[in-house]
Structures are given as C-alpha cells and as structure tokens.
Amino acid sequence: MGSFGTNISSTTSFSLTGFPEMEGLQHSLAALLLLLYAISILGNILILFIIKEEQSLHQPMYYFLSLLSVNDLGVSFSTLPTVLAALCFHAPEIAFDACLTQMFFIHFFSWTESGILLAMSFDRYVAICNPLRYSSVLTDIRVAHMGISIIIRSFCMVFPLPFLLKRLPFCKANVLTHSYCLHPDLIHLPCGDTTINSMYGLFIVISAFGVDSVLILLSYVLILHSILAIASQEERLKTLNTCVSHICAVLIFYVPMVSVSMVHRFGKNAPEYMHKFMSLVYLFVPPMLNPIIYSIKTKEIRKRLYKMFLKPNL
C-alpha cells in the first residue's frame with residue numbers, strides 16, 4: 001500500500017516511445033521528421049527576416065504573421081529534443097520535471113497559435129469590412145497589446161496543468177505513447193483521481209479553441225457578407241484572395257487538432273500508431289506549411305525570396 005501512495009517526487013522519469021510498430025522504418029521516419037524540422041525552422045526564420053527587412057511589410061497583418069512564425073519556431077523547438085533523443089539516439093528517458101516543462105511549452109504554443117489566428121481573422125475583418133478605419137483601429141500599440149494579451153491568456157490557461165499533475169500519485173508504468181509529453185497522455189498514468197485534471201483540460205479547450213474557432217467563423221461570415229456586396233466579380237475575387245493564406249493557416253491548425261480529438265475519443269480500437277501519426281500531423285504540419293503558404297500567396301515575400309535566391313545566380 002505504501003507504493004500505491006507514492007508521491008510525485010519519487011517519480012524521477014518517463015519513457016517516451018517512438019514507433020515500435022514500424023521498427024524497420026525507424027531510420028526513414030527519423031529522416032523525414034528531421035526534414036520537416038529543417039523546413040519549419042528555416043522557413044519561419046526566413047519569414048521573420050523578410051518581414052524585418054522589407055519596409056512594405058511593416059503593417060499589422062505581417063506583425064501577426066511574425067508572431068505566428070515565432071510561435072511555430074517555439075512548437076518546433078519544444079518537441080525537437082525528445083524526438084531526436086527517442087528516434088535518432090534511442091534515449092527515450094526524460095526526467096519528470098523536464099517532461100512537465102515540455103508539456104507546458106507544447107500546450108502554451110498551441111493555445112497561443114489559436115489566439116494569433118483569431119487576431120489575424122480580426123485583422124482581415126477590419127481590412128475588408130471597415131477599410132477606412134483600418135489604420136486607426138489596428139495601430140502599432142493596439143497590435144502590441146493584442147499580442148501581449150494572447151501570450152498572457154495562453155500562459156494563464158496552461159500554467160496550472162503541471163501543478164495539477166504534480167499533486168497526483170504516480171504508481172503505474174511511466175511509459176508515454178509519444179516521443180514528447182502531452183497532457184492527455186500524462187493524465188492516464190496517475191493512480192489518483194484525475195477528475196479535476198480532465199475537467200480543467202476540457203474547460204480550457206472549450207474556452208480557448210472552442211471560443212476562438214467560433215469567433216474566427218463569425219468573422220468570415222461577416223467578411224463573406226461584405227465581399228458579396230461588392231458589385232464587380234473581379235474585385236470580389238481580389239478581396240477574397242487576401243484571406244486565402246489565413247484560411248489555409250486556420251484549416252491546417254484546426255483540422256488536425258479536431259482529428260486528433262476525434263481519434264482519441266472515438267478511435268479506441270484504432271491502431272496505436274494511428275494516434276501517434278495524428279499527433280505528429282497536428283504538431284509538425286502547421287509550423288512547416290505556414291511559411292510555405294505565406295511565401296506563395298504574399299507577393300512581397302515572393303519578390304524578396306526571388307531576390308535572395310534566384311537573382312544572384314542570374
């Protein structure tokens with residue numbers, strides 16, 4: 001009975017798992033993940049560099065894009081150490097406090113991304129529905145306040161999670177199903193009552209992702225209403241085109257997130273590697289695709305990339 005009441009302080013480490021079901025493909029999978037990391041990190045650094053150097057991009061829409069790129073770098077660097085350790089160096093052990101720290105940052109950056117996408121949808125709403133007031137509504141100071149508010153909200157929501165876990169006794173095998181630490185994975189391990197953890201997790205998911213997604217949808221209903229009021233079809237398409245990058249960013253963030261939730265909730269009989277694959281898509285795809293999408297769809301970024309990589313070779 002003494003072991004059953006083991007305090008969290010006696011739990012020193014967790015074991016992370018990669019894809020043991022795909023043992024023959026471990027090296028190929030590791031190479032693929034390293035490639036995704038490289039694309040994500042280099043792509044987002046390039047976006048930040050171009051926005052910093054290009055004066056024409058010093059406006060609210062691209063300030064939010066800069067914040068999105070910094071956040072995507074945070075997601076990549078949060079998972080990189082343990083993914084490399086587990087898949088490349090076969091060192092799956094992670095200290096308990098390090099695991100809680102990684103969990104905090106992964107969820108912090110996920111919540112922050114949702115807030116940034118909401119802020120970007122507000123930017124598109126003001127630009128299309130109230131273009132004459134755009135510069136007076138989205139001043140540099142107001143954009144900075146919005147960014148700080150998003151960060152504070154994410155921090156306040158995620159901060160209790162490690163402490164709610166730390167109060168619980170852990171007496172089961174400390175083996176996680178991913179190569180990084182996630183809250184839904186960790187709450188299956190304590191032998192104490194995790195009702196508070198589950199309820200709080202559900203509360204912050206609804207109050208952040210749920211509210212953000214509804215407000216983003218509402219903003220696009222209003223945007224679409226304004227676009228349909230434009231007489232010229234050419235002008236309609238031109239206006240709608242300014243939203244395409246953001247719509248893609250929203251879809252590649254929320255669709256994998258909803259898919260992960262659906263698999264966890266309804267895919268109890270699905271193979272374990274399916275859960276792991278969906279989680280990888282959720283964490284790896286948005287940071288990799290966001291800089292690609294904005295590079296393709298933003299004329300100023302395309303021109304700068306052309307000058308940097310093609311023009312010197314002509």
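## Overall size and basis of the model

The radius of gyration is taken here over C-alpha atoms, and the rule for a globule is 2.2 Å times the number of residues to the power 0.38. For 314 residues, a compact globule would have a radius of gyration near 20 Å, and the chain agrees with this at 22 Å. Along the principal axes, the C-alpha atoms fill a box of roughly 75 × 45 × 35 Å.

This is a predicted model, in which local features need pLDDT of at least 70 and side-chain atom pairs count only at pLDDT 80 or more, while totals for chains, interfaces and linings use all residues. Residues are numbered from 1 along each chain as its sequence is written, and side-chain values use heavy atoms, with hydrogens and water left out.

## Secondary structure and burial

The chain has 12 helices and two strands. These are DSSP runs numbered from the N terminus, with helices being H or I of at least four residues and strands being E of at least two. In sequence order the pattern is β-α-α-β-α-α-α-α-α-α-α-α-α-α.

Of the 314 residues, 47% count as buried. Buried means under 20% relative accessible area, exposed means over 50%, and partly exposed lies in between (1.4 Å probe, protein chains only).

## Annotated transmembrane regions

An unreviewed UniProt entry lists residues 29-51, 63-92, 104-122, 143-165, 202-228, 240-257 and 277-296 as "transmembrane region". UniProt positions are given in the numbering used here, feature names are shortened, and annotations may be inferred rather than shown by experiment.

In the model, residues 29-51 are 100% helix and 0% strand, with their end C-alpha atoms 33 Å apart. Residues 63-92 are 87% helix and 0% strand, and the end C-alpha atoms of that span lie 38 Å apart.

## Helix 3

Helix 3 covers residues 96-129, which makes 34 residues. From first C-alpha to last, helix 3 reaches 49 Å, close to the 50 Å expected at 1.5 Å a residue. The expected span is 1.5 Å times one less than the number of residues in the helix. Helix 3 is mostly covered, with 26 of its 34 residues buried.

Ala127 is found in helix 3 and is partly exposed, at a relative accessible area of 22%. Ala127 and Gln102 are 25 residues apart in sequence, and their C-alpha atoms are 37 Å apart in space.

## Salt bridges

The whole structure contains five salt bridges. A salt bridge is a side-chain nitrogen of Lys or Arg within 4 Å of a carboxyl oxygen of Asp or Glu.

One of them joins Asp212 and Arg153, whose closest N and O atoms are 2.8 Å apart. Asp212 lies in helix 8 and Arg153 in helix 5 (residues 140-158), so this pair ties together parts that are 59 residues apart in sequence. Asp212 is buried, with a relative accessible area of 1%, whereas Arg153 is partly exposed at 24%. Another salt bridge pairs Arg124 with Asp123 at 2.8 Å, N to O. Arg124 counts as buried at 8% relative accessibility, and Asp123 is buried at 1%. The salt bridge between Glu53 and Lys52 has an N to O distance of 3.3 Å. Glu53 is partly exposed at 34% relative accessibility, and Lys52 is exposed at 58%.

Val211, Leu215, Leu217, Leu218, Val221 and Leu222 form a nonpolar surface patch with about 510 Å² of accessible area together. Patches are made of residues with over 30% relative accessible area and no salt bridge; like charges are joined within 9 Å, and nonpolar side chains (Val, Leu, Ile, Met, Phe, Trp, Tyr) within 5 Å. Accessible areas come from the Shrake-Rupley method with a 1.4 Å probe, and for residues only the protein chains shown count as cover. Leu217 is found in helix 8 (residues 195-228) and is exposed, with a relative accessible area of 58%.

Ala231 sits in the loop between helix 8 and helix 9 (233-241), and counts as exposed at 75% relative accessibility. Ala231 and Tyr220 are 11 residues apart along the chain, with 19 Å between their C-alpha atoms.

## Pro287 in helix 11

Pro287 lies in helix 11 (residues 272-297) and is buried, with a relative accessible area of 2%. Pro287 and Pro256 are 31 residues apart in sequence and 12 Å apart in space, C-alpha to C-alpha.
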